[in-house]
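Open the model in your viewer and keep the selection panel at hand.

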Amino acid sequence: MNKSAPVGKTPAGAGHFCAASLEPASLRLVPGSRQRVPEGAPAAFAYYRSMLRVQLLETGARPPVVAHPGEDLGYDLFALGTTVLEPRATVRVRTGIAVEARHPETSAPLGLLVRDRSSIAARGIVTTGGVIDAGYRGEILVLMTNHGDAPVQLNAGEKIAQMIPVPVLTGPVQEVETLEESARATKGFGSSGR
């Protein structure tokens, strides 16, 4: 069983790129392009094919999937190996993949947020951390905490979290003497009522 072993050497045959895959695999060609969309989906959903590039780093790694492109907020991530989460312990669960996300229309780099899947959260497991900078090219590791009283086993190939693309809006920082006025001003905790 894998207790979040460090990233090892890439085995022979791994390390190739693939597009994030779909469930199910019933696809049709979009007229005037080389992109494919699910049967019945409008051509406008074709962007998903180039939005996320995935590098498989290990044998057995699976690319993220999106069941309903253009509707689902995130891509489902899979566990690379079987991992046991002990009670109240936090573990780095390996996915065996590296990713690059770009805006489908502008090609601007996108960051990614790793968040809970509802089915995993219902088992008392929470995904923590989870900010993936647009320039990060290492393996995606998912920090998972078991808040229950019993060990929980995550199996190889099980969907463990979802990865949500977000725009990168950071820029230079400017130090100033005053800030622009706002309605809330300095009112903090509880100031908006209960």
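Start with the cartoon: the protein chain has 2 helices and 16 strands, where helices (H or I, at least four residues) and strands (E, at least two) are DSSP runs numbered from the N terminus. This is a predicted model, in which local features need pLDDT of at least 70 and side-chain atom pairs count only at pLDDT 80 or more, while totals for chains, interfaces and linings use all residues. Residues are numbered from 1 along each chain as its sequence is written, and side-chain values use heavy atoms, with hydrogens and water left out.

The protein chain exposes about 11,800 Å², of which carbon and sulfur atoms supply 54%; accessible areas come from the Shrake-Rupley method with a 1.4 Å probe, and for residues only the protein chains shown count as cover. Of the 194 residues, 35% count as buried (buried is under 20% relative accessible area, exposed over 50%, partly exposed in between; 1.4 Å probe, protein chains only). Among contacts (heavy atoms within 4.5 Å) with a separation of 6 or more, 68% are between residues 24 or more positions apart.

Now hide the surface and show charged side chains. How many salt bridges does the structure hold? There are 8, a salt bridge being a side-chain nitrogen of Lys or Arg within 4 Å of a carboxyl oxygen of Asp or Glu.

Select arginine 94 and glutamate 58. Their closest N and O atoms are 3.0 Å apart, and the two form a salt bridge. Arginine 94 sits in strand 9 (residues 90–94) and glutamate 58 in the loop between strand 5 (52–56) and strand 6 (65–66), so the pair links parts of the chain 36 residues apart. Arginine 94 is buried at 9% relative accessibility, and glutamate 58 is buried at 14%.

Move to aspartate 76 and lysine 159, a salt bridge with closest N and O atoms 3.5 Å apart. This pair joins strand 7 (residues 75–78), which holds aspartate 76, to strand 16 (residues 159–167), which holds lysine 159, across 83 residues. Aspartate 76 has a relative accessible area of 13% and is buried.

Then select aspartate 149 and arginine 88, whose salt bridge has its closest N and O atoms 2.5 Å apart. Aspartate 149 is in the loop between strand 14 (141–146) and strand 15 (152–154), and arginine 88 is in the loop between strand 8 (83–85) and strand 9, 61 residues apart. Are these two residues buried or exposed? Aspartate 149 is exposed at 65%, and arginine 88 is exposed at 56%.

Finish with Arg53, Glu100 and Arg102, which a network of salt bridges links.
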